[in-house]
Amino acid sequence: MATKRKIGKRASTRKQKAATAAPVQSPENINDVRSLLKVLRDGSKPIDVRMAALQSLGAAAFSVADFDSVHADYIAALREVSTDSHEQLRRRALGILMRNKDGYAQKKLLDGLKNSAKALVPPEKALQLLSYDVHAGAYSAARSILKKPPNDEAKREALRLLAADTKSTPLFEKVLRDKKELRVNRQIAASALHSLDPAKLQARARKILLDKSDYSDIKATSLTALEQFGDDGSLAKDKTLLQSVNRFKNSKISAKYKQTARRFLSKYGP
Amino acid sequence: MLGATIEPALSEPQFAALVDALAADPERRGDLISFLREDHPHYGERGAAAIVRMRGWVLLAIARGEVPDDALIFILEELDTGVDPYLVAAAARALRSYPRPTAALAPFVMRALGNIRYRDEPVSFADYGEYAISPTDASAVSEVLATLRWLGPRARDILPQLEPLRAPHGGLPRKLRLDVDRALQAIRSPAPEDEPGTHSCCGTAPNGVRSMSSLPSNSRRGTKQIESIALQDQKGELITFKEYFHGQPSIVVFFYTRCDNPMKCSLTVAKLARVQKLLEVQGLVDRIHTAAITYDPAFDLPERLRVYGQDRGVRMDAGHRMLRVIADNDNDVLRRHFELGVNFIESLVNRHRIEAYILDAQGRIAVSFERLHWDEEQVVIRTVEMLKEKECGSGSQA
């Protein structure tokens, strides 16, 4: 749970920074966009101003009718600043490029995962960005990270990325089974299994609900999986499961988990 | 648990060096064309962006000399269905090394412009794998416009589509509008006197480019290797290849739901739905089977197949199915039998061509449509011929 706190703290710091950043101007025409591209590229300008220019360009991509006419210049500028000395600018530029499935950004991120001296962003960020494109060819890099994760976030992002890899089903079964594993990772595993092999998730979810020692949030996830995607006929006949869910409902758990259990029992219970 | 990854035999720089060496050797230059086949071993276990860099380099290497006729279909394929700016730019540049420009090439170049103009990117062809980071470099659109200029009067038929791009708010920057002007000027110039036509015929492929091939009954390959493979349909029902494809002609297309090129799988399956409508109109929908088979069977579970087909208007019933193989090895069997133009990184497709097949009543490949967009009516006409062949009994000698 320490992880959740860290993430929350980081998000609130980001919000504070955003609130104090240079004011964002709305570009109205293509000349404004060109000026913003110059500012973005100009390393002598304060970083807050360049970040604001990047944000305005993002808005212009939607709001300026002729933006397509500078699309090539926009991509070139993003590629250029994706290797800037300022990390936050690199992250933002790489993020936009990866949403466009840009080959340059993909190559830089993969190179950085293979050789940390070349890394433009931390491994967890690189994996997150690479996961935007299922065709990025990053499964092998994600598996290498999983073998020796540098931190919990990198492991989590590697799991998220592999959630699209059909060969990773056994990995996700193992993670979901492992009660020592971080719960966020087990939930990612449940979600991945639902996508890759729904029958395996159903079987595992039932086992988790029958296991008195498993955690309530994982049980709630399992219950939702069964309720939403399970076979109605067999669930209604599964007395052992229904007893387990009833026990779960009457245990010391939060109100929302109780509600999940009640919903399940009202659908399948006697 | 964490399966070992197979590394490609050559690194990208080694591949580029090999391509350069072949391009420089007049005796072996022709070998480069085989590098444009998707199933070439060099493309296995690479990410899609790496494939783009590699294929682009091959196209540019071929274009260092005269582009031979055999390479033309690969260039036209990229112009017809490509959405990656680097590859489209490389194809446009390569076409300019083709020694026999004709009016039939113009619609392909214009389609490329339509596919790429909203996703233009700067490109650099100086070194292998180089990405442009300067706005002054060439772009995909500038390469395509240069190719229209090269076609000159042969591109007359596309004038009505090109002219609107001159407008200040036509979505092109001033620099590229100048390129449009130059292209228009070249197109409007008088045609050389010794050249026959400046009009393309119905947007069809130029002479010598074969995107469709048909096999006479006595030279079709048997289906023994593939008859017993089990296929699963969109409802989860199992059926063998023989059970589904023997007894009547069939139309088969290949696709996968994670394809991100809207000009390929999504369009192919939507076109299959159109073929089914044509069969319905002609009262043939119960006499001819159709199938869309996924390249990505591990991911494309029955529910995904059903939704993908349904979203594209595909008729799905006993004679019209979305299919996947269920045993790991069977995907390789299928790939070998159809000689599919596809490659993979692990289990995921990294590149594929457009491909559709007409099978005879014994499940043998009788007609294939590859690379370029196929015409729905032509597919139906050829399938009806297959039906007649069955009724006349001429397809019975295996």
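1. Basis. This is a predicted model, in which local features need pLDDT of at least 70, side-chain atom pairs count only at pLDDT 80 or more, and totals for chains, interfaces and linings use all residues. Residues are numbered from 1 along each chain as its sequence is written, with chains lettered from A and ligands numbered from 1 in the order in which they are written.

2. Helix H7 of chain A. Eight of the eight residues of H7(A) (123–130) are buried, so this helix is largely enclosed by the rest of the structure. Buried means 20 or more other C-beta atoms within 10 Å of the residue's own, with C-beta atoms placed from the backbone. Helices are DSSP runs (H or I, at least four residues), numbered from the N terminus. The buried residues of H7(A) include A:Glu124 and A:Lys125. They pack against H5 (87–99), H6 (103–114), H8 (139–147) and H9 (152–162) of chain A; contact means C-beta atoms within 7 Å, placed from the backbone.

3. Cores. A nonpolar core joins buried Ala, Val, Leu, Ile, Met, Phe, Trp, Tyr and Cys residues through C-beta atoms within 7 Å. The largest has 139 residues, and B:Val88 is among those with the most contacts inside it. Helix H2 (48–62) of chain B gives the most to this core, with 11 residues. Apart from it lies another core, of 44 residues, among them B:Tyr357.

4. Chain contact. Chain A gives 31 residues and chain B 36. On the side of chain A that touches chain B, the largest share, seven residues, comes from H4(A).

Notes: A residue is buried if 20 or more other C-beta atoms lie within 10 Å of its own, exposed if 12 or fewer, and partly exposed in between; C-beta atoms are placed from the backbone. Helices (H or I, at least four residues) and strands (E, at least two) are DSSP runs, numbered from the N terminus. Two residues are in contact if their C-beta atoms, placed from the backbone, lie within 7 Å.
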